[in-house]
There are 2 protein chains.
Amino acid sequence: LACLSLSKDRFDRMRNIKLILEYDGTEFCGWQIQPNARTVQSELKKALQTILHEEISITGAGRTDTGVHASGQVANFFTDAGMEPSKIKAALNGTLPRDIRIITVESVPLQFNARFDAKKREYHYKITRRERAIARDYFWCYKGDLNIDKMRQASQHFIGEHDFQSFCKASPEVTAHICHVETLDWIEEEDFLMMKIIADRFLHNMVRIIMGTMIQIGRGKIDPAQIPHILAAKDRKAAGATAPAKGLFLVKVYYE
Amino acid sequence: LACLSLSKDRFDRMRNIKLILEYDGTEFCGWQIQPNARTVQSELKKALQTILHEEISITGAGRTDTGVHASGQVANFFTDAGMEPSKIKAALNGTLPRDIRIITVESVPLQFNARFDAKKREYHYKITRRERAIARDYFWCYKGDLNIDKMRQASQHFIGEHDFQSFCKASPEVTAHICHVETLDWIEEEDFLMMKIIADRFLHNMVRIIMGTMIQIGRGKIDPAQIPHILAAKDRKAAGATAPAKGLFLVKVYYE
């Protein structure tokens with residue numbers, strides 16, 4: 001617990017607050033606090049400190065990258081200020097910039113951790129099949145022909161527990177690449193195509209690399225039967241390109 | 001015809017080009033050319049003149065206001081350049097800013113006029129019932145309780161031919177206020193509410209004033225049975241406020 005070093009009196013007043021929030025990733029350098037960059041976590045920290053008049057440390061469920069959106073990001077923080085959750089929500093929405101909105105605020109048990117208690121995360125990746133002016137920061141425009149049947153076939157090979165090193169931006173810090181993909185569905189609506197993916201965890205750029213590879217499959221450049229071999233290669237170069245950030249949304253985080 | 005003063009040779013080569021276009025109204029001072037303002041018509045004129053190397057005059061089907069979007073605006077212009085419609089489309093989308101996209105380009109009979117030949121226009125007004133960060137320039141956020149049944153009841157009073165002076169921004173230039181409303185439907189989806197309206201013509205701010213009045217009805221401030229009296233008043237002050245521009249979309253223009 002972050003509050004172990006506190007006095008008994010302050011510890012007794014300590015509450016753990018869970019937030020569900022939405023943000024437009026377009027003008028953020030992602031979720032995580034970085035020096036000299038506008039990030040969601042830093043804007044949220046600044047707003048909370050203004051409201052609660054104490055140092056606040058925020059834990060987020062998913063570290064979204066620059067340009068990635070979230071409609072259901074989850075975060076938690078500790079506070080000993082006595083402000084009601086509904087008041088915190090109103091004060092945050094009054095203080096935060098318009099590209100972050102707080103959807104719910106609730107008091108949760110002290111042991112709740114937005115990141116480590118998350119069981120599953122759901123991401124959506126949206127593509128438009130023709131050029132658009134309206135809402136153009138919220139999907140990737142891909143105008144070429146796509147064989148959606150082949151993309152659905154390929155999806156089956158991702159379901160279950162696999163090593164996703166081929167679908168991960170290489171990093172010396174990350175050594176565990178096993179993820180359990182529970183759902184990988186395609187939803188077509190008018191000129192839109194959406195990939196819905198649910199897994200216990202996601203590696204860096206994983207959804208965007210799966211999407212980039214799926215486009216190659218839809219174009220007939222990679223056969224769906226190649227997916228098991230691409231997974232087995234455990235090599236980023238075996239998979240397709242990384243699709244643009246703006247089509248990606250963190251939609252939901254699942255807890256017990 | 002705009003081309004009456006041309007030489008016979010140039011007249012023979014003259015073609016009338018019809019465009020369907022989409023634009024994000026957020027950063028435009030509306031459709032119509034104005035000095036020292038960024039408008040859709042002026043951006044389009046500039047791009048066409050760059051591509052076709054001749055003076056171009058554009059007629060639009062609907063003069064949308066500042067901040068109003070269009071997914072199906074129609075325009076036409078005359079040219080004696082021999083460029084194929086598909087080439088014009090590609091060149092325009094390569095030249096125009098990203099908040100205007102050309103959907104279709106076709107050659108039409110010389111007598112076609114995008115404005116005067118339009119039989120009906122379809123507008124959508126979108127509301128979100130909770131605060132949102134994503135796509136926030138593309139709907140109005142109205143968080144209060146709304147009785148949608150009453151709004152549907154009120155809608156029936158707008159259907160048919162009526163004098164809409166009460167639902168029109170006053171202007172000495174406009175003396176004809178009769179419009180024939182063919183459709184006024186409400187579509188609910190998750191936290192969204194959309195008003196779909198089709199009429200032969202629309203007066204200045206008409207959809208936005210209908211929407212503002214509908215909100216008063218949904219809140220219980222105006223009874224649905226009051227609508228015939230508001231119409232009969234022929235007085236802008238009898239109707240509700242003008243809803244924000246960003247929720248409004250010109251979706252389709254109908255021709256014979």
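1. In this predicted model, E106(A) and K18(A) form a salt bridge, 3.7 Å from N to O. The term covers a side-chain nitrogen of Lys or Arg within 4 Å of a carboxyl oxygen of Asp or Glu. E106(A) sits in strand β4 (residues 100-108) of chain A and K18(A) in strand β1 (residues 15-23), 88 residues apart. Strands (E, at least two residues) and helices (H or I, at least four) are DSSP runs, numbered from the N terminus.

2. E106(A) is partly exposed, at 37% relative accessibility. K18(A) is buried, at 14%. Buried means under 20% relative accessible area, exposed over 50%, and partly exposed in between (1.4 Å probe, protein chains only).

3. Chain B has a salt bridge between E106(B) and K18(B), at 3.8 Å, N to O. E106(B) is partly exposed at 37%; K18(B) is buried at 14%.

4. K234(A) and D163(A) also pair, at 3.9 Å, N to O. K234(A) lies in the loop between α6 (227-233) and β10 (248-254), D163(A) in strand β7 (residues 160-163), 71 residues apart. K234(A) is partly exposed at 43%. D163(A) is buried at 18%.

5. The whole structure holds 34 salt bridges over all chains. Shared partners join E22(A), R130(B), R132(B) and D191(B) into one network.

6. On conventions: residues are numbered from 1 along each chain as its sequence is written, and chains are lettered from A in the order written. Local features need pLDDT of at least 70, side-chain atom pairs 80 or more, and side-chain values use heavy atoms, without hydrogens or water.
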